[in-house]
Amino acid sequence: MVDVMTLIMILLITLGLIITNIYILIYFSHPDDKGSILGYILKGIVIIGLTLAWCQVLMIPLDVSNNRTFGSGINMKAFWLIIFVITIIYILIIFPISSSLYDCQDEWTPCEKIRHCLCFFLTIIIFFVAITAILYSSIGTTDIPIKVLQCHNSPPLQSNMFTGPHQVCIPEKKTKSIELKVNIIIYSVAVLTFVSWLIFCLFGGIGLSSVPMDFFISFQKRPKSISNDEIGERKQNLLKEIEQIKLLGDEVDSMEKNGIQKKFFFTPAKRKYNRIRNEFVSRFALAQKEFEIVNRNNANEFAVVFYYLLIPLGILTSILTILWIIQFICSYFYILKDGRPGYPFLSYLLIFFQDHDVSFLSFIVFSILTLYLLFCVIKGNFKFGVRILCCWSVYPMEKGKTYMNSFLFNISLILLGSMAITQFVSDCLSDYVAFTDVDALFNSIIKNLKFFKFFYRYHIFQYILFVVFFLSLIYLICKPVDKPIGLSKGKKSFSISQKEEKSNKKKKVKKDDKDTEDGGSQDKKLVNRNEKENEGSAEEKEEKLDIDENTGNISNSNDSDMK
């Protein structure tokens, strides 16, 4: 039978994670999502998605424990296939339909909502099915390498009646392979895992370097007693940034009024809309973070103990990052002639716990290591989004302010990244997961599939992950703090260029000409407009910011539309 202690630990931690998922949902969810049938359905989808991601991590120690009894406990192969089939359905069907349905605005007609959902869903499903069908029909086989041994009888060293000949087996120099046709489910898992590696290499590499640094930077930037002059200066910089963000919001709002968000994804207008919208969301999130820092400093009321807890968290995450980097070097840089890792490192520790009747310690250590990788994917996504504004959208998770589309995106990202993490862990800790069903699936079948085997046999993704980690570490050391563009050396938004500002002024001037009955001159109107704008100046802006400080939030007319 399977190890009872490991099974009990898995059941308890699974129950604890489900309760944690519900708490996360209640803690972060926005009040606007309460009371609707669609909101309750999407919340159930979020809980199932998170639980599905944790299950992939928890099943590996269970598979290892089951392997010790030679598969006599649980049919883990069926368990893995069920988990991956549900994951494919969630990523390809449930996520596109639910997220596009939630993004539909209330004023849209039912036909527009159905068309919007079908466009997003069919684009993903047709692309995936077409790629999978073409590859599976042409190269849907795996070449599993085998070693052929030549055995012959060797005479005994001393001939007597008690000793006889014994066999000596020598492996052949050339490695042979067996070609097998895989089923469509496993091949679909292989295709989706390939896409998952692209997510894990980019966001996982950034997260491994940014998670420890952000804990220490958050402690360094904790609220402190600062002078009124410095507070005023930061307010003025923040007001300038808010003005730029408002221009972005107005631009997004005008595009939405023209119905650009309803157009197809690959049209130039829709791409421009997504680019400007991504910048608006990213800069607004950073500006709100800066506002909260100024507000806490100004109020002189903050939880000092909480910020001192960031130090042990930073030390813990630093240790986890160092452990993974050492394990990475031992597995992919120090390799023996037969292709095995030169020193298993963490595998030895996990095997030691497993062989000394303390398998629950092995399970706890393994879970911490793998869950940390999932957390790095989410952190890397946010870090990449706020630094590279033009090509990726940010879905921040904030207490009581997170809409369901942010939940759905982040959960889908975790779920997609968990497939690559499962393969990475089974390959990096190959001695620990040896002869398990997950080892047979990833390291024997998927690793040797035609076309995919080039990336897996030569560890292309693993090296990319290491390079991304190294480059992001250097970049974050040089620029450790996330700042809005307007608060960083006076840079302007790429979307609000000088030409566009001039054209916007010209449009406003023409509009004023049409609205004026007496046909006043443009110069006179511009002078009047500038006088009105200058009347408020800095004092009115400071009063406006002080009013916002009492609410504890940055108000924006477009924020409710940008959920």
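The secondary structure of the chain, taken from a predicted model, amounts to 17 helices and four strands. Of the 563 residues in the chain, 44% are buried. Among contacts between residues at least 6 apart in sequence, 79% connect residues at least 24 apart.

The average pLDDT of the chain is 75, and 71% of the residues reach at least 70. Residues 157–164 fall below 50, and this stretch has three contacts in the model beyond near neighbours in sequence. A further stretch, residues 486–501, also has pLDDT under 50. For residues 486–501 the model contains 34 contacts beyond four places in sequence.

Helix 13 spans residues 437–445. Its buried residues include Val438, Asp439, Leu441, Phe442 and Asn443. These residues lie on the same side of helix 13, because the arc they cover around the axis is only 165°. In general, an α-helix has 3.6 residues a turn, so residues three or four places apart point the same way. At the start of helix 13, a side-chain oxygen of threonine 436 comes within 3.2 Å of the backbone nitrogen of aspartate 439.

The loop between helix 12 (404–428) and helix 13 contains phenylalanine 435. This residue has a positive phi of about 65° although it is not a glycine. Phenylalanine 435 counts as exposed because its relative accessibility is 72%, against a cut-off of over 50%. A positive phi is also found at phenylalanine 345, with a value of about 60°, and this residue is likewise not a glycine. Phenylalanine 345 is located in the loop that runs between helix 9 (310–332) and helix 10 (346–355). With a relative accessible area of 25%, phenylalanine 345 is partly exposed.

Helix 10 itself contains phenylalanine 352. The relative accessibility of phenylalanine 352 is 45%, so this residue counts as partly exposed. Phenylalanine 352 and serine 362 are 10 residues apart along the chain, and their C-alpha atoms are separated by 8.2 Å.

A second pair of positions involves helix 6 (residues 228–257), in which isoleucine 245 is found. Isoleucine 245 is buried, at 2% relative accessibility.

Aromatic pairs in the structure number 29. One of them joins phenylalanine 451 and phenylalanine 452, whose ring centres are 5.3 Å apart. The planes of these two rings meet at 75°, so the pair is edge-to-face, the cut-off for this class being over 60 degrees. The two partners are assigned to separate accessibility classes: phenylalanine 451 is partly exposed at 43% relative accessibility, whereas phenylalanine 452 is buried, with a relative accessible area of 1%. An aromatic ring also takes part in a contact with a charged residue, as lysine 181 lies over the face of tyrosine 136. The distance from lysine 181 to the ring centre of tyrosine 136 is 4.5 Å.

Conventions: Residues numbered from 1 in each chain as written. Predicted model: local features only at pLDDT ≥ 70, side-chain atom pairs only at ≥ 80, totals over all residues. Heavy atoms only, no water. Helix = DSSP H or I, 4+ residues; strand = E, 2+ residues; numbered from the N terminus. Buried < 20%, exposed > 50% of the residue type's maximum accessible area, 1.4 Å probe, protein only. pLDDT = per-residue confidence, 0-100. Contact = heavy atoms within 4.5 Å. Phe/Tyr/Trp six-rings, centres within 6.5 Å; stacked < 30°, edge-to-face > 60°. Lys NZ or Arg CZ within 6 Å of the ring centre and 35° of its normal. Arc of directions from axis to C-beta. Polar contact = N/O pair within 3.5 Å; in protein donor to acceptor, adjacent residues only side chain to side chain.
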